[in-house]
Amino acid sequence: MRKRLNRFFVIALVSLPLIFGMAGQIMAEDTIKIGVAGAHSGDLASYGIPTVRAAELVAAHMNALNGVNGKKIQLLVEDDVCKPEIATNTATKLVSEGAHAVIGHICSGATKAALGIYKDKKVVTMSPSATNPALTQSGDYPNFFRTIASDDAQALLEVNFATDVLKLKKLAVLHDKGDYGKGLAEFAKQFIEAGGKAQVVLYEGITPGAVDYSAVVQKIKRSDADGVIFGGYHPEASKIVMQMRKKKMDIPFISDDGVKDDTFIKVAGEFAEGVYATGPQDTSKNPIAIAAIAAHKEKYNGEDPGAFFLNAYSAALAILNAIEKAGSTDYDAVEKALRTEFVATPLGIIRFDEKGDAIGIGFSMYQVQKGKYVELSLN
């Protein structure tokens with residue numbers, strides 16, 4: 001590993017104080033502009049804000065050490081509210097402002113909507129959370145990378161957990177009709193049918209943002225399902241779980257990293273107890289992760305970082321490492337460096353495969369226990 005443990009490993013371990021507020025004093029031609037796009041307001045802001053903070057911490061720390069290749073880092077932060085129609089405007093704005101690379105977007109649908117714009121302008125884009133498999137597997141977006149595993153891996157873990165660990169036989173598979181939720185549910189359905197250990201007794205799409213999901217809850221009950229797999233985000237999942245539990249339906253509810261967020265627990269309250277959700281493997285004992293989390297708490301009044309923070313921190317380190325190794329912000333050189341150069345991150349020592357997926361990153365199963373998500377050991 002020798003030089004793979006590059007200066008970014010050392011940087012991440014250094015005890016700070018961090019230096020903030022320098023970007024406004026830096027001349028534009030002397031900067032590396034990094035866009036940060038995602039949901040910074042609305043129901044899914046709890047997913048997007050940790051990414052902004054991760055980028056802020058990495059940029060401030062690097063700027064305190066004279067930046068990358070002698071240039072300071074300037075962040076261009078734009079809110080897409082996780083909506084595809086807004087994400088296109090966000091991407092257009094970031095491109096017009098001269099972003100050399102973008103961290104984001106957060107949601108798969110918004111990411112897909114924006115990627116063509118970045119591709120046309122040759123802007124490297126790296127998401128900490130967009131898990132739709134087609135974003136990398138289609139080959140349509142050579143400019144796209146991510147620091148999270150894709151939904152096919154996530155769905156397979158959910159199905160294997162449901163059938164092999166919980167021994168469920170009749171599964172209701174629900175989704176929110178979006179690129180992320182529906183894509184994951186389709187994979188889950190395929191894996192259930194191929195595995196032959198259980199059957200899909202209900203496959204249903206719900207309308208995001210609805211107040212009442214009693215109709216689909218009744219369908220679950222009539223289907224005689226002994227478990228639910230849901231593809232989507234926490235606002236809908238919390239309502240479905242609450243209505244199920246109030247109807248005395250105590251069957252297992254299994255979901256994804258769109259639900260593995262403390263906001264789900266806060267909204268669902270006591271009804272969240274026992275819910276399962278997949279999420280990025282816990283790497284909180286990684287020394288770089290420890291340093292990153294400590295820096296977050298120091299900067300943000302003791303707050304825990306939140307969902308996808310370590311994935312976003314890793315994305316920022318990976319992009320800046322690639323720019324340093326490339327010796328410039330040239331698109332072709334940076335893209336090559338991302339695929340060939342290892343970088344030490346809170347998720348481990350990683351690089352990216354030809355599709356743009358991070359090598360060595362996976363999912364774990366979590367359960368809400370006493371008001372907190374706890375990683376389960378499946379060995």
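**Entry 1. Contacts and overall form**

I take contact to mean heavy atoms within 4.5 Å. I note that the model is predicted, that local features need pLDDT of at least 70 and side-chain atom pairs pLDDT 80 or more, while totals for chains, interfaces and linings use all residues. Residues are numbered from 1 along each chain as its sequence is written, and side-chain values use heavy atoms, with hydrogens and water left out.

I looked first at the range of the contacts in the protein. Among those between residues at least 6 apart in sequence, 69% join residues at least 24 apart.

I then looked up the dimensions. The C-alpha trace spans about 65 × 40 × 40 Å along its principal axes. The radius of gyration is taken over C-alpha atoms, and the globule rule is 2.2 Å times the number of residues to the power 0.38. For 379 residues a compact globule would have a value near 21 Å, and the protein agrees because its own value is 21 Å.

I counted secondary structure as DSSP runs numbered from the N terminus, helices being H or I of at least four residues and strands E of at least two. The protein has 13 helices and 14 strands.

**Entry 2. Surface and burial**

I used accessible areas from the Shrake-Rupley method with a 1.4 Å probe; for residues, only the protein chains shown count as cover. The protein exposes about 15,500 Å², of which carbon and sulfur atoms supply 51%. I call a residue buried under 20% relative accessible area, exposed over 50%, and partly exposed in between (1.4 Å probe, protein chains only). Of the 379 residues, 56% count as buried.

**Entry 3. Nonpolar cores**

I define a nonpolar core as a set of buried Ala, Val, Leu, Ile, Met, Phe, Trp, Tyr and Cys residues joined through side-chain atoms within 4.5 Å. The largest has 47 residues, and Tyr118 and Ile254 have the most contacts inside it. Elements that each supply at least two residues of this core include helix H4 (108–120), helix H7 (179–195) and strand S13 (363–369). Apart from this core lies another, of 44 residues, with Val68, Ile103, Phe309 and Ala315 among them.

I also listed the partners of Ile254. Beyond its neighbours within four places in sequence, Ile254 is in contact with residues including Glu158, Phe161, Val228, Tyr276 and Met365.

**Entry 4. Helix H12**

H12 (residues 309–326) has 18 residues and reaches 26 Å from its first C-alpha to its last, close to the 26 Å expected. The helix is largely enclosed by the rest of the structure, because 15 of its 18 residues are buried. Just after H12, Gly327 takes a positive phi of about 80°.

**Entry 5. Disulfide**

I searched for pairs of cysteine sulfur atoms within 2.5 Å. The count comes to one disulfide, joining Cys82 to Cys107 with S to S 1.9 Å. The link is right-handed, with 85° about the S-S bond. Cys82 is in the loop between strand S2 (72–79) and H3, and Cys107, 25 residues apart from it, in the loop between strand S3 (101–103) and H4. Both cysteines are buried.

**Entry 6. Two single residues**

I placed Lys248 in the loop between helix H9 (234–246) and strand S9 (253–255). Lys248 counts as exposed because its relative accessibility is 70%. Its C-alpha and that of Lys325, 77 residues apart along the chain, are separated by 57 Å.

I placed Ala344 in strand S11 (residues 343–345). Ala344 has 1% relative accessibility and therefore counts as buried.

Definitions and conventions: The expected span of a helix is 1.5 Å times one less than its number of residues.
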